[in-house]
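Here's a quick tour of two spots in this protein model. Have a look at the structure, then read on.

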Amino acid sequence: MPPKTALDQDAVPGPPAEAVAPLMRGIAVLRQLTDAGGTLSPSALERATGLARSTVDRITATLARMGYVRLDGRDVVLAPRVMELGNAYLAALRLPALLDARADALADELDESVSLAVADLDGIRFIHQAPRRRAMSVSFRIGDLLPAERTAPGALFAAEWDQADWARWSTRRTGDPANTSFPAVPPRPVPGAPDFEARAAQARRHGWAVDDQLIEPGLVAVSVPVRDPATGRSACVASVVSHTSRHTAATLRTTLLPRLRTAVAAMEADLRQASPPQPGPAPSGLAAWTTASKHELGREFIESLARGLTVLTAFGEGRSALPLTEVARATGLARATARRALITYEHLGLVATGPDPRTFTLTPRVLDLGFPPLSRTTLPRLAEPHLRALADLLHEPTAMAVLAPGSGTEIQYTAGAGASRVLTVDIAVGARLPATGTSLGRVLLADAGGHLTPALTEVRAQGYALADEELESGLRSIAVPVRDRTGRVVAAVNVATHAARRSLENCVTDLLPALRTTADHIQTDLHTASRFTHVPPS
């Protein structure tokens, strides 16, 4: 068995009698996949969790049915839809939605990475990242958990700890002095309790803290708390992160700290002026869907696991603290079923008692369930499995493209999947082609703004484009757009064929429906993944 994480130390006592064992086992599988970077074989999951192979297979089959993992050959791979669990926590928290624009603007102003983090017991967990794209850049992800004593935000949060918090930290430090149980940081011995207590006291006096290469050599950061206007306590901590080739700890204080403080003051004003959240739509039909899946798949579908996971999605914006009755109503589950799931989550530390003792809230540990490995994904990575599935279905090559950066006249191929034919299309990822001569380019140009030709106006109206032997003799293709959460076209996907195999009419009647379905699947993944993260189009 792998070592317990820092946050598992509180879960040493056995589970309560009403805990749902299949749900606990499913959570263990998701956590192991997350720690491994998103991909493990079933046999590796068997070893990591200590579960029987048959149990692992049933859990992964259930998670695949829910869209949370993909069974890719011999591997189990986290799928973008699992991010809806972390999205539920981040939406209920509201801080990313209210503050991320300020963090992004500060990163642009300073040309340094900026992050937002919240306290997670005796650790800190990132809820927003605004990294810089450099050869030498910071690689932390949303959802990553770091030990408090090796971070600047940790000293600020520790400045507000009580005796129970310090006792918890001391217990964890005694059992794991080198932080080997934190996958996001390199293990290394760090100074003991007196040093961290002194840093926390200093942070309390100054109202800011510095990380001078505590995480690893070369990495430095300066942090300031963003205070909750209702309580005065730290709601989160904003940090500017750099490396010693650009800044020392001293120059962080003199050069960047004043501007960070200005940004934090604006963030706190945003929190004071924020209007009450408007509850978004609760999930619907989940209980009926799990029942139908059980009838279809039989023993291979673990209904109690699926129903338990749907409980987390009951929370969200305007639904941050829910009583049991509202959780049951939102999910369509029986009150007793929802109650047992909540008891299980309380034991695992994923749910805590809310401001009203009769309510429940999600904790930052929900981000342990698949979010970090997927928070740095790209649109091509999201699209590739769907393009492969479409190519296998139609026995024709598929591709994705965007308008080439800096050019309004060329497209650039960003992903694709081939077909096992003797005569097939072979255009490499990264290749550029004239936009007007391709179906992909016409779809992209039709939404690019400006004056549209009659042909592009027709493409925009019908929602697809055909290209008939214009790029090369015999080559036909049909393309449709891929839209982001705002409805803007960010890419196009196509199917290519030889003119001898399909007429233009066949392309529309035979290829277009499946192509549109694939674009819908890519869009669904994109909308889920990009709710609180930036998903680059290429």
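Thr313 sits in the loop between α11 (303-312) and β10 (322-323); helices (H or I, at least four residues) and strands (E, at least two) are DSSP runs, numbered from the N terminus. This is a predicted model, where local features need pLDDT of at least 70, side-chain atom pairs count only at pLDDT 80 or more, and totals for chains, interfaces and linings use all residues. Residues are numbered from 1 along each chain as its sequence is written, and side-chain values use heavy atoms, with hydrogens and water left out.

Thr313 is buried, at 13% relative accessible area (buried means under 20%, with a 1.4 Å probe and protein chains only). Leaving aside neighbours within four places in sequence, Thr313 is in contact with Tyr68, Glu84, Leu85, Ala88, Pro283, Leu286 and Arg319 (contact means heavy atoms within 4.5 Å).

| Pair | Distance |
|---|---|
| Thr313 side-chain polar atom and Thr310 backbone oxygen | 2.7 Å |
| Thr313 C-alpha and Leu362 C-alpha | 10.0 Å |

Now for the sheet. It's an open one of 6 strands, in the order β15-β14-β13-β18-β17-β16, with antiparallel pairing (strands pair if DSSP finds at least two bridges between them). Since β15 (432-434) and β16 (465-468) stand at the edges with a single partner strand each, one side of each has no neighbour in the sheet.

Inside the sheet, 6 bridges join β13 (residues 398-403) to the antiparallel β14 (residues 410-417). Leu403 has Ile411 in β14 as its bridge partner. Helix α15 (residues 379-394) packs on the sheet and touches β13, β14 and β18 (489-498).

How values were computed: Buried < 20%, exposed > 50% of the residue type's maximum accessible area, 1.4 Å probe, protein only. Polar contact = N/O pair within 3.5 Å; in protein donor to acceptor, adjacent residues only side chain to side chain. Axes fitted to C-alpha atoms, helices over the stretch in contact; angles between N-to-C directions.
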